[in-house]
Amino acid sequence: MDNRTANYRLSTEIRRNLVSCILGKEAEIELLLTALFAGGHVLIEDVPGTGKTQLVKALARTIGGQFRRIQCNPDLLPTDITGVAIYHPKNEAFMFRPGPVMANLLLVDEINRATTKTQSALLEAMEERHVTVDGDSYELPIPFTLIATQNPIEFDGTYTLPEAQLDRFMMKISLGYPDAATERQMIISPNASSPADKLEPAISIEQVAQMMEAVKHVHLDEAVADYIIRIIRGTRAHSGVQLGASPRAAISLTAAAKANAFLQERDYVIPDDVKQLAATVLAHRIILHTESRMNGLTTEDVVRAVVRETQVPVRMER
């Protein structure tokens with residue numbers, strides 16, 4: 001069995017675990033795995049009770065490794081996330097006490113309930129993969145993935161995420177309500193209240209790191225790279241857009257496309273990988289003109305329009 005087949009079998013085991021906990025959300029689970037193997041962070045925005053936290057807990061149990069959870073509120077301090085240096089009189093020295101950010105998978109629940117100062121403590125970790133406390137830098141575990149949740153309809157005691165932080169999330173996804181048949185299956189299940197608690201690891205964190213490294217070596221043809229750049233630049237040129245996708249967005253879309261190809265057992269990217277992920281990766285990074293928003297235009301509409309209008313490469317070489 002070659003490495004590609006072995007990796008595909010492992011990713012299938014991960015899917016099976018997650019699907020057993022979060023019913024009827026195969027597409028969203030695929031997006032989450034794509035972001036995980038691409039080394040990106042995910043923002044899950046949805047109303048309460050749709051399974052956001054259960055999905056992340058299920059993923060943490062499935063991949064093994066260190067899992068930490070932060071429940072955000074206005075009293076949360078930056079050091080509650082990064083850790084703090086504590087003076088020990090016996091040793092006559094400061095010793096670093098790590099915070100919950102020192103984990104392979106970090107769940108930041110209701111991130112928009114934390115103050116902007118506390119949210120900013122996550123920026124360095126998300127981008128640089130280390131934290132700085134009292135002038136000293138501490139590397140985060142490898143791999144490190146942050147998954148944040150937020151409630152889009154509750155405004156009391158919440159703070160809007162700054163654009164710089166939104167841009168650091170590779171994807172923004174939503175689970176949505178299940179259909180009637182799935183919801184019925186949920187309530188008759190004996191594990192309906194905590195389906196993730198009985199899961200067993202399907203893969204080790206070391207194997208996850210190896211698969212992430214394999215994703216980096218998925219082939220990206222120059223024609224597909226040019227296709228990505230044309231889409232990115234198309235968002236900036238759209239008449240309804242005030243701020244288009246950033247260069248970081250282009251890097252994220254490329255990494256996500258490679259991970260999607262990897263999960264489909266391919267070692268090369270095709271234009272469909274890009275088209276499939278464009279809205280999920282780009283929409284939350286775009287800012288519309290006020291007039292455009294008032295006229296009902298959404299950032300998802302912009303991305304889909306740009307993708308439709310961008311010529312797809314018809315010939316690639318490997």
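The side chains of D109 and R69 form a salt bridge, with N and O 2.7 Å apart. A salt bridge here is a side-chain nitrogen of Lys or Arg within 4 Å of a carboxyl oxygen of Asp or Glu. D109 lies in strand β5 (residues 105-109) and R69 in strand β2 (residues 67-71), so the pair ties together parts that are 40 residues apart in sequence. Strands are DSSP runs of E with at least two residues; helices are runs of H or I with at least four, and both are numbered from the N terminus. D109 is buried, at 5% relative accessible area, while R69 is partly exposed, at 43%. Buried means under 20% relative accessible area, exposed over 50%, and partly exposed in between (1.4 Å probe, protein chains only).

The model is predicted: local features need pLDDT of at least 70, side-chain atom pairs count only at pLDDT 80 or more, and totals for chains, interfaces and linings use all residues. Residues are numbered from 1 along each chain as its sequence is written, and side-chain values use heavy atoms, without hydrogens and water.

The whole structure holds twelve salt bridges. One of them joins R266 to D273, with the closest N and O atoms 2.9 Å apart. Both R266 and D273 are buried.

K258 sits in helix α10 (residues 247-263). K258 is buried but has no salt bridge. The nearest side chain of opposite charge, E213, is 10 Å away; Lys and Arg count as positive, Asp and Glu as negative, and His and the chain ends are not counted. A polar atom of the K258 side chain lies 3.3 Å from the backbone oxygen of K216.

Conventions
Polar contact = N/O pair within 3.5 Å; in protein donor to acceptor, adjacent residues only side chain to side chain.
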